[in-house]
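Here is a short briefing to read alongside the model. Take a look at the sequence and fold first, and then we can walk through a few features together.

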Amino acid sequence: MDKSLLQQQVLERLAEDLLQVEQAARAAHETATHEENIAENKYDTLGLEAAYLATGQARRAESIRQAMANWRQFRPSPYDASKGIQLGALVCLVDADDRQQLLFLGPDGGSMKLVNDAQLVQVISSDAPLGRAVMGKCEGDEVSMQVAAIRQQFEVLWVR
């Protein structure tokens, strides 16, 4: 599995998300500034609510732009067993029921699921709980993390 193809898929998905958020921000802004939505009394808040929504959408768009910049600059390096799992690693975990899970560790802002070579790949950052749990681990190491009241155990099957 090619990490650069995964990176390209992340950038494409972020671009799609940015387009949708920008369209939603424009629509909310138009609603907020439309003359028919000028408040006639203190209970008439449609324009104000649309302005808040437009502001939130604009912030989300900026967050996506920043994530895209981070992912464009990102250069996944090959796995180095002496350092263990680092940012850019493609990791296969297996649980006690022999279910495998593929992870691609990348910069913030790219948390998503992708399909590559007919396999599901979870893209996470090193700040995500599972990302923190696998950092520094090597093939064959146990990974344990607490999710609510449940302790999850995995083994690192392979790393690339």
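At 21% relative accessibility, C138 falls in the partly exposed class, the band between buried (under 20% relative accessible area) and exposed (over 50%), with a 1.4 Å probe and protein chains only. This is a predicted model, in which local features need pLDDT of at least 70 and side-chain atom pairs count only at pLDDT 80 or more, while totals for chains, interfaces and linings use all residues. Residues are numbered from 1 along each chain as its sequence is written, and side-chain values use heavy atoms, with hydrogens and water left out.

- C138 takes part in no disulfide, and the nearest cysteine sulfur, in C92, is 15 Å away; a disulfide here is a pair of cysteine sulfur atoms within 2.5 Å.
- C92 is buried, at a relative accessible area of 1%.
- The disulfide count is zero.

**The sheet**

- An open, mixed sheet is built from six strands in the order β3-β4-β2-β1-β6-β5; strands (E, at least two residues) and helices (H or I, at least four) are DSSP runs numbered from the N terminus, and two strands pair if DSSP finds at least two bridges between them.
- β3 (112-116) and β5 (142-147) are the edge strands with a single partner each, so one side of each has no neighbour in the sheet.
- On average, neighbouring strands are turned by 40 degrees against each other, direction ignored; axes are lines fitted to C-alpha atoms, for helices over the stretch in contact, and angles run from 0 to 180 degrees between N-to-C directions.
- β2 (residues 100-106) and β4 (residues 119-125) run parallel and are joined by five bridges, and L103 has Q122 as its bridge partner in β4.

**β3 and its hairpin**

- β3 and β4 run antiparallel, with five bridges between them, and N116 stands opposite Q119.
- Two residues lie between the strands of this hairpin, where D117 has a positive phi near 50 degrees.

**Helix α1**

- α1 (residues 3-33) lies across β1 (90-95), β2, β3 and β4, at about 130 degrees to β3.
- The buried residues of α1, including L6, L14 and A25, pack against α2 (46-73), β1, β2, β3 and β4; contact means heavy atoms within 4.5 Å.
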